[in-house]
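Me: I have a structure open here and I'm new to it. Can we go through the surface and the charged pairs?

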Amino acid sequence: MKIVAGLGSVDEYIRYCEAGADEFFCGYVPYKWTKKYGTMMTLNRREVLCCNVQIGGEEELEILASMIHVYQKPVHLTFNSLYYLPEQYPLIGQMISNCLEMGFRSYIIADPALILYLHEQGINCEIHLSGELGEMNSGVAETFAEMKLKRIIFHRKNSTADMQAVIEAVERNQCSKAGQMEYEAFVLNELCQFSGSFCNSLHCDELGHLCRVPYRLEPEERRERAEDRSTSEQLPWAEDGYLCGATGCGLCALYRLREAGITHLKLVGRGNYADYMERDICNLKRALTLLEESGSEADYREKMKRELFPKGCSGNCYYRE
């Protein structure tokens, strides 16, 4: 399984490559788009300017393309909005065409109409079906697999059993049409209480993100016992404030994700501290090494927890089944 890390700026690319990332995903929102449409008609649902969350200019993309040529670690550009205005499709099509000329071959897309538009316009690019689409079952995945997708990205709320059922159905029914399909699952950071396809929060500078509102999920009978203790008091933070998977962790599930057929692991981190992201990549890389060295799921979990979480983990699990 390959590591796909979130990239917030071109400055992070080489650093994350050397840490062990295999691929990257990155937002691209040029200023002319922001100036015309503001934060209400988003390009990728990350209209943030106050910190490094996305690329904001063609010059930066050209620099990044040069780095990719040297390090040979691809970057997938995200267009994560669930829909666009009719007038925006030609603009996005031209934008993607320009990016293709720079060398960016793959695009993460959530809007089915945009996928169809690109096909109709003959814009030949690799398409990764965004987890923001909210694919729910094998029927939905099979339908989209017919759209010449390169990869299906599962959303945050899928179980490993759900993903395996979808993968088996797609491979069984669509393999000859879809070719070699890839499958990506979330593994670290930003386990949101919402499903992206049903989230109406604006991720921008002007408003607080709903996914940042503090919350805790626990059985009803445990609530009274735990109400006097904050989440931060329960977590084994390092002295510098770092804890791997503090906001979402799927490391325990790597064995099951591999068995399910997952080929790529999404390490969310656009806008995160670069130091923390670098350590996340190193920890995930080490977990994958331990996975290869282990003969069973129990053996892997025991080794991984002993090495990566000697004082305990966050308990903020992506996959609990």
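Reply: Let's begin with the surface. This is a predicted model. Ile 14, Val 70 and Tyr 71 make up a nonpolar patch on the surface, with about 250 Å² of accessible area together.

Me: Where is Ile 14 found?

Reply: Ile 14 sits in helix α1. Its relative accessible area is 31%, so Ile 14 is partly exposed.

Me: On to charges. How many salt bridges does the structure hold?

Reply: The structure holds 15 salt bridges. One of them joins the side chains of Glu 278 and Arg 15, at 3.0 Å from N to O.

Me: Which parts does that pair tie together?

Reply: Glu 278 belongs to helix α11 (residues 274-293) and Arg 15 to helix α1 (residues 13-19), so the bridge ties together parts that are 263 residues apart in sequence.

Me: What does Arg 279 pair with?

Reply: Arg 279 forms a salt bridge with Asp 240, and their closest N and O atoms are 2.4 Å apart. This pair links distant parts of the chain, 39 residues apart: Arg 279 is in helix α11, while Asp 240 is in the loop between α9 (231-234) and α10 (254-260).

Me: And how accessible are Asp 240 and Arg 279?

Reply: Asp 240 has a relative accessible area of 42%, which makes it partly exposed. Arg 279 counts as partly exposed at 31%.

Me: What about Arg 286, which side chain does it meet?

Reply: The side chain of Arg 286 meets that of Glu 307 in a salt bridge, 2.7 Å from N to O. Arg 286 lies in helix α11 and Glu 307 in helix α12 (residues 297-308), so this pair too links distant parts of the chain, 21 residues apart.

Me: What are the accessibility values for Glu 307 and Arg 286?

Reply: For Glu 307 the relative accessible area is 40%, and the residue is partly exposed. Arg 286 is partly exposed at 30%.

Definitions and conventions: Residues are numbered from 1 along each chain as its sequence is written. This is a predicted model: local features need pLDDT of at least 70, side-chain atom pairs count only at pLDDT 80 or more; totals for chains, interfaces and linings use all residues. Side-chain values use heavy atoms; hydrogens and water are left out. A salt bridge is a side-chain nitrogen of Lys or Arg within 4 Å of a carboxyl oxygen of Asp or Glu. Helices (H or I, at least four residues) and strands (E, at least two) are DSSP runs, numbered from the N terminus. Buried means under 20% relative accessible area, exposed over 50%, partly exposed in between (1.4 Å probe, protein chains only). Patches are made of residues with over 30% relative accessible area and no salt bridge: like charges are joined within 9 Å, nonpolar side chains (Val, Leu, Ile, Met, Phe, Trp, Tyr) within 5 Å. Accessible areas come from the Shrake-Rupley method with a 1.4 Å probe; for residues, only the protein chains shown count as cover.
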